[in-house]
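Let's walk through a protein model together, one part at a time. Keep the picture open beside you as you read.

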Amino acid sequence: MSTSIQTLIENNRRWAAETERLRPGYFQQLAQQQNPKYLWIGCSDSRVPANQITGLEPGEVFVHRNVANVVVHSDLNALSVIQFAVEFLKIEHILVVGHYGCGGVLATLRGARVGLADNWLRHVHDVKMRHRKRLDHLPVAVQEDVLCEMNVIEQVGNVALTNVLQDAWARGQKISVHGWCYGLKDGLVKDLGVSVSNREEVMPIFRNALKRYPRQSPT
């Protein structure tokens with residue numbers, strides 16, 4: 001076993017012992033319950049930890065992560081997580097969380113080749129192409145931040161249009177979808193104002209959100 005892996009195991013032992021010392025019975029209690037109110041759909045980036053960012057304990061947030069926080073209707077992994085969270089855990093809020101400086105978004109903007117992940121990032125490329133008239137006239141640094149936000153907005157719409165959410169709302173289940181973007185430089189989340197709580201809100205909120213990014217005025 002490599003030294004670095006052994007270090008992780010030793011860290012784990014110290015952490016478990018210290019946690020149990022400070023909060024006796026913590027792990028026994030945690031093992032007997034999973035009752036989160038939140039599903040976090042975020043990027044796999046190691047700098048974006050869901051629990052720490054939101055100040056939630058283990059057991060309080062259900063988490064799904066992938067490169068560039070993408071949700072598409074052909075991804076059975078993401079859809080299975082959403083269904084389990086909505087129908088079995090009865091979560092109340094789905095948080096779609098992107099982050100500024102996202103490597104997947106930057107690669108898409110710059111046309112950089114990543115490898116196999118290029119196929120996955122085609123979904124972000126599709127977002128870029130759909131909204132290129134809102135992006136192309138902006139300075140590069142602004143483009144990067146705006147595409148991170150637009151990608152979140154698109155994924156909120158995708159989540160809201162899944163049959164899981166549509167069926168949940170149809171049967172009167174109270175659940176909302178929200179879009180955030182996290183700042184690596186300051187640790188703060190930005191609410192993108194795309195919270196959706198029923199089927200009728202999806203398209204109006206989506207359209208209004210995109211109006212915040214005006215197209216280039218004709219010269």
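This is a predicted model: local features need pLDDT of at least 70, side-chain atom pairs count only at pLDDT 80 or more; totals for chains, interfaces and linings use all residues.

Residues are numbered from 1 along each chain as its sequence is written, and side-chain values use heavy atoms, with hydrogens and water left out.

Let's begin with the sheet. Five strands form an open sheet in the order 2-1-3-4-5, and their pairing is mixed. Helices (H or I, at least four residues) and strands (E, at least two) are DSSP runs, numbered from the N terminus. Two strands count as paired if DSSP finds at least two bridges between them. Strand 2 (61-66) and strand 5 (189-191) are at the edges with a single partner strand each, so one side of each has no neighbour in the sheet. From one strand to the next, the twist averages 25°. Angles here run from 0 to 180 degrees between N-to-C directions, with axes as lines fitted to C-alpha atoms, for helices over the stretch in contact.

Now look at how strand 1 (residues 38-43) meets strand 2: the two run parallel and are joined by six bridges. Find Gly-42, whose bridge partner in strand 2 is Arg-65. Helix 4 (residues 76-88) lies across strand 1, strand 2 and strand 3 (93-99), and runs at about 170° to strand 2. Contact, here and below, means heavy atoms within 4.5 Å.

Next come the empty spaces. Rolling a probe the size of a water molecule over the atoms shows where empty space is left. On a 1 Å grid over the protein atoms alone, a cavity is a set of points where a 1.4 Å probe fits but cannot get out, whereas a pocket is an open set with protein on both sides within 12 Å along at least five of seven lines; lining residues have an atom within 4 Å of a point. Grid points are joined across faces, edges and corners, and a volume is the space filled by probe spheres set on the points.

How many cavities of 30 Å³ or more does the whole structure hold? The search finds one. The largest cavity has about 50 Å³ of space, and its lining includes Ile-153, Val-194 and Phe-206. Helix 8 (140-160) and helix 10 (202-210) are the elements that give two or more residues to this lining, with the largest share, four residues, coming from helix 8. The lining has eight nonpolar residues, one polar and no charged. In this scheme Ala, Val, Leu, Ile, Met, Phe, Trp, Tyr, Cys and Pro are nonpolar, Asp, Glu, Lys and Arg are charged, and the others, Gly among them, are polar.

The largest pocket holds about 190 Å³, and Arg-23, Tyr-26 and Glu-60 are among the residues lining it. The second largest pocket holds about 160 Å³. Helix 6 (117-130) gives the most to its lining, with four residues.

Is Thr-108 buried or exposed? Thr-108 counts as buried because its relative accessibility is 8%; buried means under 20% relative accessible area, exposed over 50%, and partly exposed in between (1.4 Å probe, protein chains only). Leaving aside neighbours within four places in sequence, Thr-108 is in contact with Leu-121, Val-124, His-125 and Lys-128.
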